[in-house]
Protein chains: 4
Amino acid sequence: MDALPRHPFDPRDDDKLREECGVFGVIGVADAANFVALGLHALQHRGQEAGGIVSYDPVQGFNSARRFGYVRDNFTKQSLMETLPGELAIGHVRYSTAGSKGNTQIRDVQPFFGEFAMGGAAIAHNGNLVNADELRRELIERGSIFQSSSDSECIIHLMARSLQRTIPERMKDALRRVEGAFSVVAMTRTKLIGVRDPLGVRPLVLGRVGDGYVLSSETCALDIIGAEFLREVEPGEMVVITGTTVESFKPFEPKRPRFCIFEHVYFSRPDSIIGGRSVYETRRQIGVELAREAPVEADLVCPVPDSGTPAAIGYAHESGIPFGMGIIRNQYMGRTFIEPTEQIRNMGVRLKLNVNRALIRGKRVILVDDSVVRGTTSRKIKEMILDAGAAEVHFRIASPPTAWPCFYGVDTPEREKLLAATMTETEMQHHLGVASLRFVSLDGLYRAVGVAQGRDARQPAYCDACFSGDYPVKPTDMVAKGFKLAEPAE
Amino acid sequence: MDALPRHPFDPRDDDKLREECGVFGVIGVADAANFVALGLHALQHRGQEAGGIVSYDPVQGFNSARRFGYVRDNFTKQSLMETLPGELAIGHVRYSTAGSKGNTQIRDVQPFFGEFAMGGAAIAHNGNLVNADELRRELIERGSIFQSSSDSECIIHLMARSLQRTIPERMKDALRRVEGAFSVVAMTRTKLIGVRDPLGVRPLVLGRVGDGYVLSSETCALDIIGAEFLREVEPGEMVVITGTTVESFKPFEPKRPRFCIFEHVYFSRPDSIIGGRSVYETRRQIGVELAREAPVEADLVCPVPDSGTPAAIGYAHESGIPFGMGIIRNQYMGRTFIEPTEQIRNMGVRLKLNVNRALIRGKRVILVDDSVVRGTTSRKIKEMILDAGAAEVHFRIASPPTAWPCFYGVDTPEREKLLAATMTETEMQHHLGVASLRFVSLDGLYRAVGVAQGRDARQPAYCDACFSGDYPVKPTDMVAKGFKLAEPAE
Amino acid sequence: MDALPRHPFDPRDDDKLREECGVFGVIGVADAANFVALGLHALQHRGQEAGGIVSYDPVQGFNSARRFGYVRDNFTKQSLMETLPGELAIGHVRYSTAGSKGNTQIRDVQPFFGEFAMGGAAIAHNGNLVNADELRRELIERGSIFQSSSDSECIIHLMARSLQRTIPERMKDALRRVEGAFSVVAMTRTKLIGVRDPLGVRPLVLGRVGDGYVLSSETCALDIIGAEFLREVEPGEMVVITGTTVESFKPFEPKRPRFCIFEHVYFSRPDSIIGGRSVYETRRQIGVELAREAPVEADLVCPVPDSGTPAAIGYAHESGIPFGMGIIRNQYMGRTFIEPTEQIRNMGVRLKLNVNRALIRGKRVILVDDSVVRGTTSRKIKEMILDAGAAEVHFRIASPPTAWPCFYGVDTPEREKLLAATMTETEMQHHLGVASLRFVSLDGLYRAVGVAQGRDARQPAYCDACFSGDYPVKPTDMVAKGFKLAEPAE
Amino acid sequence: MDALPRHPFDPRDDDKLREECGVFGVIGVADAANFVALGLHALQHRGQEAGGIVSYDPVQGFNSARRFGYVRDNFTKQSLMETLPGELAIGHVRYSTAGSKGNTQIRDVQPFFGEFAMGGAAIAHNGNLVNADELRRELIERGSIFQSSSDSECIIHLMARSLQRTIPERMKDALRRVEGAFSVVAMTRTKLIGVRDPLGVRPLVLGRVGDGYVLSSETCALDIIGAEFLREVEPGEMVVITGTTVESFKPFEPKRPRFCIFEHVYFSRPDSIIGGRSVYETRRQIGVELAREAPVEADLVCPVPDSGTPAAIGYAHESGIPFGMGIIRNQYMGRTFIEPTEQIRNMGVRLKLNVNRALIRGKRVILVDDSVVRGTTSRKIKEMILDAGAAEVHFRIASPPTAWPCFYGVDTPEREKLLAATMTETEMQHHLGVASLRFVSLDGLYRAVGVAQGRDARQPAYCDACFSGDYPVKPTDMVAKGFKLAEPAE
């Protein structure tokens, strides 16, 4: 409700899908909030808009701080961190939530906190609930007062209404009512809690640091604090951690897991390990698959930095065509909320990328990018490359065509704005004006993540709804608003 | 919960009682929020810590802005006010609330907003609920999630749980459950609502501006926007105003009114009219009473600025002793949250007041102040006056000894810290080290506010609990925490 | 040069003359900058736009900080004051300087600093140089690079070009070249220096605090730090103070002093002592003179707060008509640089003043104000008073008609904008629409400041150019720009 | 002089040499300051601490804005850029200057401005003057008042004292007095001026945009505004550009050019073209030279990101060993002035870099970095790589050992802190604890920049003082302070 400055100019490439959140929690170490700050810094790629930390100290009780902007600009200051004492803390970084389209307010920034009869609890949620509208309506009718526009707040209100006597039990109650994707990190005065939804769409890992424990969206955030990776929290599992013990529960009906395959393609950091696989290596392998599926004669394999680099390395290695950095990224871009001059806004992609003209001139160039969403950036890059004197431009995309929106915690444009929703691969090639355009196949992608036989259409091992339209959890609220699901293939 | 900067140094004289809130609302004029900003500026003396405005516009819905600091520093900016469109708006200024002792957070800043099944509503509350702890416990047990530490939030949660079908009816339901002092200004999408508790402890007035209506804590805020004063909202009355009509309800069991007599003594602005009486004139009259009750031979009547001035004028007039400004106030003091150097903090009262040495030297001085709370400032002022060469210092206080804390919306120290709670008038005189010290009598005060026969102890016309210990509403929560009420006089 | 935010809205009454600066310096006490901060706070009425402090410490050398805004908001912070160590410091508050009309930049904020071959020096200047344009042109031609638009910077450049071997000697050289009004406080690494121009137009006093010495524009700033008033620096005197000695020099040709009489009327604080006279008492006495010169039958003497109050007290006392506060000032006004909404800007004087309607209604009111400049505020106040139901409004002004601009360190409108420059007293009365309007006579004013026989036109004891057009120093630059001096009276 | 917050924590790797400045100027296009902002954004790698822009408009005169922080955070705001109108503007980004070690103040931020008898001029300087101390002393003795601690301010003061009648002529006079490295961009009211010192140590290029002209430190900043590269400003050349003409002057005695070879190694952006050579290609070629000079058996060539990447690509290509991103850089690092918690500060390099453990484990890794300065970061990276399970770590450095400080505009540690100043290559290898450590030879480096026969010791084609100790301009001030030059090799 609080009216905040808009941000008409956002230097983040709006032509990417964006993970909406990262979560992190620590128990059993002094100044836990400092560790959370470091963990969130390592998870910043999962959400750059805002971050929050809640800590608990027996003397000072619960404390929290929530800020817009980067973790490093807020949660590293002595003066702020001193207000977050205790050996137990959780945190959250966010891009934007289901509720507030581009106009986030500080009260939408997690973790959320609730005071229950048996004490307080805070939760941080990565994912998206597909029945949040329905739940919210029902809760308001029963007298809940919502403070944010976030779907995640439903969880707190459901917990408040549970008849169970402990917070973990109330959380089980609440999470059994929600549908969608959720990797939740929560805390009470004495416990750190982690839960993943039954399909395990979003990641969550468990680590050990000193005498304490850590929960994190990704392993790269364990590395930064020197924590040891123990294992992933399993799909459908709840772990309840005190300083000394990790209890495991399975509160949901078991289902076949459907981890988000796009975490491998783009969302996760290349130095993270998911499902025992290096994200970097998977991406490199996608490049290898692409080189096999879509070879082309050329002089240079050039990544669209920085996310296309591992696949470009793989493509170059497999094809034998030299790898080179034909596009240079300005390191000093970043996120900003200011309203720039018209002239500067129009610079668009040139503020971020420049062509390495000397390298490109006269060459047949293979550009390797991770995905094509709206196609707007791809067109501009192609133009820059041709302006710089490239002989030919071939696009190779390290994911299948993105033809469907994600409802499980990823910021996607409406379906009509997805290039692949309205065009065939050939049409896209003409639209982008390139000599050739090829996407890795869905089977190729499955092979790259280690499923040797490719995708099993009857029971796919991953959630690949953004490519296939096969939604493992029905997007209830969206269907109520008129979203049309794909006809099931016969 | 959000940890905010502390304010160890607060240049406001902590040796005063402080009104905790001012409320204001407008319906039926374009850019209503601008009027609210002006009204809150005129009510700034009722609360300097923070302010908030909620507005409603049919297209843009509810919008709100809440800020720490003065109204003039926040709610006058074009850029902010543009985010608060509409013809209906309410606002609130606050000093601090019951819940958060000296550590207010932005989420404690009113108006509070609630989304109900039949639409949203915002409320702004002046006063204090004496059974808020009890209500909060009960509401949490039933699943309410509190977002602030404010007692006023209970009203929103009680409304959410009401079974009534309209917001005004739900508000009645809610307010029938609360005890204490409340002057509430609220709004729905179409209505401006004002309510005073059955005793009418806090003020609330109704005015007309253009084709619209105004609710305000005091009449001085009507003047600033050129509004016409219509009448006071009566004790126990609820007014429900649309653009064109004012409906009046009496939802509570009728009681004899007990308006706060300290509003006359100190809280209200001297240019306000309360109960048909000019506050300035009442204060001047207290000075007259004081001169009659406690005459003394002297050369100069000198106010402790600025609040002691009207009584000093009355005292001087009645006694025939010349009036002079023996103490000069630095106009550039103000509120600030910064942590000053030790040296500067120690300057204390000298940062704000200086003695007009040439006027004081060699004179027998009567200092007229509005009240003595802890007595710390009185001592320092006496020392400054004697240092400057005064022959004698006589204190005359324009209120009876403040011996009891207020639980109805005023920030008072704990009882032990009130000088008059532990000392007789003679002991206080010695403690302050002055030639004489006299307070106006309670009867004298009643005469000054127009009750010719003085106070009727069986059914006093005002709430004077801070002087008499006679609390018109039992302070439930405080009694539960061990507060001892006065033995009823036989 | 640095483009700063403009301030189209400035709540300061632009219908007043404004002193442009206050200066303060301390030597020989630990943490001298803290004392300077307190002194500047007490001198804030002499300049609210910005302030600066320079300190010197043998280890850390010269340090400085300059800030826009109030002293209390900047120079009280531990973190800032820690950057200003040492036992020697000077400071300056400013309203605006000759050079930059309403668009001050941080580099115009004094003290100015210069590095000379024999070490650094800083100076703070109250007053205005009337030949600054001429000097600046000459200095630029010789290779000086100016950093500010301030006339005071000429002094530093003249010092840099002096052939003398010590800083005090160079300062003498420099000040012998400048014309106009200057009360200067300066410092080297070991000395605190004070100088007044030969006419002594602006004030400067010497005090003692602990084992050290203080220089200040006014005595009220000695009081705040508990310093003892020693004496005024004399017109044409330079004092050079080390920790232990005060040397006195007379570097200029002697002249008859012409202290600014308006310091008594308005600029100085009422609790200051000037020329052995209490400013408060002088103002009270002006009211007495006014009552004698311009009596009128009425019911109430009412000051325009706060500056008109002492004269109103005097008028009431002399006339026997009751004194009352018919106009109430909002204490929460202040200076702000923001651009407010149109609606709020239009509120003008109502943001600051409100009529005490109950007191005014039906009465014949004598309004006592300190001066009339443009007359815009006077008109609005008259309207407010009549709207509130006053029977008659009589203006009594505690200074003669202000018909000439000041060129000696006071911010005055151009001559055409001064009401008294274009109208007779009767025309002004009609223009303001009041029942009567009377100014104290120039003789009456001289009597009030202690010159029993009134003004001696051949050799007036004060600078009264703003009333008489008799400029004691020819305003060279302004005359060059076409300003017409008054014909000398035969 | 103004005391600013220190920055004890600076996430920039202090184990790099840092270019100290970038300069940019535009004439003949509307809203020239916008172009300058874009240009400075592209040059941000040359200085991240602060930036400034001066523009000139015939109506509004000279305007300037100088800010700490990134260009994108300041000079993109509509509100700021509107204060910089005109078709002529210059700008500067800076890291730190000779004068102020780690405690920059806003007045040290360029461009500097001077008002001369014939009008104003602004200058922006990349480089460092080696006789600035001497010049400053001399100028102060003659009466110049310095405002900053920057060596570059000498140029303005020398210009002010010149007897020439035009600004370009005065600039020639001034620059003939200074020694050291200077690429200067300056402006008068009608001219854009560029000058390089006789050796041409720092870069400066001339471009054309629309009907106007551009001067820039590097070509990458021409690309961002779509400007056409015309040519380099030659060593010892001054270009004076009006809207329509480019005049060329040679005000200095001709010398053999000695361009800074480290611009190729590290300072310049890889997408810039220097001396007709692509910086990227040169770096790649250094990798090729390294692979030839210092081959080793290994499994992976891994760059230290981002600056080591091109050389690593070259090394991998030449050696046939696979290229892989074994170290992942956190994109959300950046510059910040805050004081972090001790715990967070201690994280050091881990805040910025993480090992791609899955890729590294069990491998013999060749780490390619651009340089070794103190060696502190190299040690930490080696530890991270070994902790992650690498079998062996081999360092290959794309520059010769950095054994001498730079005095020509680069921020270098004191000589004793340079690892190569105190250790042989073998000692360094042991100190860093790596299996092998090899630097490219000076001849190899010369070959990579296109000098086929390697370095000619009698008349080297480049300034390579940081490697060779052969300083082409005697560092006068430093020698006066006791710096010992290398014994000339016999």
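Q: Which residue is the bridge partner of A:Met187 in strand 9 of chain A?
A: Two strands pair if DSSP finds at least two bridges between them. Here the partner of A:Met187 is A:Leu192. Strand 8 (residues 180-187) and strand 9 (residues 192-196) of chain A pair in the antiparallel sense, over five bridges. Strands are DSSP runs of E, at least two residues long, and helices are runs of H or I, at least four; both are numbered from the N terminus. This is a predicted model, in which local features need pLDDT of at least 70, side-chain atom pairs count only at pLDDT 80 or more, and totals for chains, interfaces and linings use all residues. Residues are numbered from 1 along each chain as its sequence is written, while chains are lettered from A and ligands numbered from 1 in the order in which they are written.

Q: Which strands form the open sheet in chain A, and in what order?
A: Six strands, in the order 6-7-8-9-13-14, with antiparallel pairing. Strand 6 (112-116) and strand 14 (246-249) of chain A are the edges; each has a single partner strand, so one side of each lacks a neighbour in the sheet. The twist averages 20 degrees from one strand to the next.

Q: What does helix 5 of chain A touch?
A: Two residues are in contact if their C-beta atoms, placed from the backbone, lie within 7 Å. Helix 5 (residues 153-161) packs on the sheet, touching strand 6 and strand 7 (119-129) of chain A. Its direction makes about 5 degrees with that of strand 6. Axes are lines fitted to C-alpha atoms, for helices over the stretch in contact, and angles run from 0 to 180 degrees between N-to-C directions.

Q: Which residues does the UniProt annotation "binding site" cover?
A: UniProt positions follow the numbering used here, feature names are shortened, and annotations may be inferred rather than shown by experiment. The unreviewed entry lists A:Cys260, A:Cys406, A:Cys463 and A:Cys466. They span 207 residues in sequence, yet no two of their C-alpha atoms are more than 10.1 Å apart, so they gather at one spot.

Q: Is A:Cys260 buried or exposed?
A: A residue is buried if 20 or more other C-beta atoms, placed from the backbone, lie within 10 Å of its own, exposed if 12 or fewer, and partly exposed in between. A:Cys260 has 28 such neighbours, so A:Cys260 is buried. A:Cys260 lies in strand 15 (residues 259-260) of chain A. A:Cys406 has 23 C-beta neighbours inside 10 Å and is also buried.
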